[in-house]
Amino acid sequence: MISFKNELLNSVLSNAIFAFNSLHLNTTVTLNDTIMSKFDVRELLQKMWEDYVGLNPHVLEIHNIFVERGDDVYNDHIAIRTYNHPKVCVDVLARPFLKGGYKEAGNYRFEEKKLNAKHFEHEDESLPKVFISELRLEEFDQELNDIVTGLIDQIPDGVNQEDYFPVSKRVWDVSHETYEKLLEKSEYAAWVAAFGFRANHFTVYVNKLKSLDNLKDLNEVVRENGFLINESGGEVKGSKEVYLEQSSTLAGKIDLEFSGGKMYRVPACYYEFALRYPLENGKLFQGFVAKSADKIFESTDVHR
Ligand code: NI
């Protein structure tokens, strides 16, 4: 659905595989895993990373800035967006991750954005946390609900039961007019309609970087290299007091195909940066902070 220059895509993808391999993934599969299931959640995460950097060339460029500084780039979490419709809700998207060994570790309510979310953790701490949010459709008008139901009705049978559903991308046809109509009601609803099921963002785990230890300096490095930081709610969201600070780039705009093969320029995904602080027990806080995330969600807003 996305148009690219082929050679660009190829180089992005081959770099991406290198990039993901450099995340110190533990690729050892135990005998028990093999008996339990042939599904390897690491392959799903790899596919999500390839899709994400293919869609958002700025991500790999920023990733490589850290690599060139001698840093090991770990992912703190990946985020997926959906609607709370029973066919595509958080619990449906979470299934492959649970099958792959992830466990539910937190749930959240975002008042301003009208979202619920859950996060999942894997016992292999080198794997990113998975954060899945869903829009509470019942808090929107009939028109938005009709549009969303119309999209979900187009999903081919069984697709939402597949292990790779979280990277199935857009599994419906949507017109640019419909996208614009959704934008007026919810930027989040419009993003999901345009992009479907895939990573909305990956997140650099700043605690693991050797060359940087705070988000202000990190944001400056990103800016110096020509990228924009989301400043909605201040460039750093959260604080030491809530054990989590986050910042992010502004989503890059890409040409996306809508109904009838028509191309329009829309914001795609952003790259996030997370710095975690220790709790009283000395362990780094691993959860999320609703108030900060409300602002982070605006990184994909259409800046008019
Ligand atoms: Ni995030």
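In β10, E272 is the bridge partner of S248, and this pair belongs to the antiparallel pairing of β7 with strand β10 (residues 272-276), which runs over five bridges. The description refers to a predicted model, in which local features need pLDDT of at least 70 and side-chain atom pairs count only at pLDDT 80 or more, while totals for chains, interfaces and linings use all residues. Residues are numbered from 1 along each chain as its sequence is written. Strands (E, at least two residues) and helices (H or I, at least four) are DSSP runs numbered from the N terminus, and two strands are taken to pair if DSSP finds at least two bridges between them.

Strand β7 (residues 244-248) is largely enclosed by the rest of the structure, because five of its five residues are buried; a residue is called buried if 20 or more other C-beta atoms, placed from the backbone, lie within 10 Å of its own, exposed if 12 or fewer do, and partly exposed in between. Both faces of β7 are covered, with L244, Q246 and S248 buried on one side and E245 and S247 on the other. Strand β6 (residues 237-239) also pairs with β7, in the antiparallel sense and over three bridges, and S239 has L244 of β7 as its bridge partner. Four residues lie between the strands in the hairpin of β6 and β7. Y243 is found in this loop, has a positive phi near 70 degrees although it is a residue other than glycine, and counts as partly exposed because it has 18 C-beta neighbours inside 10 Å. Most residues other than glycine have a negative phi.

Strand β1 (residues 75-83) pairs with β4 in the parallel sense over seven bridges, and I78 has V130 of β4 as its bridge partner. The pairing of strand β3 (residues 115-122) with β4 is antiparallel, over six bridges, with A117 standing opposite S133, and a hairpin of six residues joins β3 to β4.

Among the helices, α8 (residues 187-195) is largely enclosed by the rest of the structure, because eight of its nine residues are buried; W191 and F195 are among them. G196, with a positive phi near 70 degrees, follows α8. The axes of helix α7 (residues 176-185) and α8 come within 6 Å and cross at roughly 155 degrees, where axes are lines fitted to C-alpha atoms over the stretch in contact and angles run from 0 to 180 degrees between N-to-C directions. The two helices are therefore roughly antiparallel, a term used for angles over 145 degrees. T178, Y179, L182, L183 and K185 in α7 meet E187, A189, A190, A193 and A194 in α8, contact being defined by C-beta atoms, placed from the backbone, that lie within 7 Å.

The largest nonpolar core has 73 residues, and M48, Y52, A189, A193, A194 and V206 are those with the most contacts inside it; such a core is a set of buried Ala, Val, Leu, Ile, Met, Phe, Trp, Tyr and Cys residues joined through C-beta atoms within 7 Å. Leaving aside residues up to four places away in sequence, M48 touches I78, P166, V167, R198 and A199.

Key:
Two residues are in contact if their C-beta atoms, placed from the backbone, lie within 7 Å. Angles under 35 degrees count as roughly parallel, over 145 as roughly antiparallel, 65 to 115 as roughly perpendicular and the rest as oblique.
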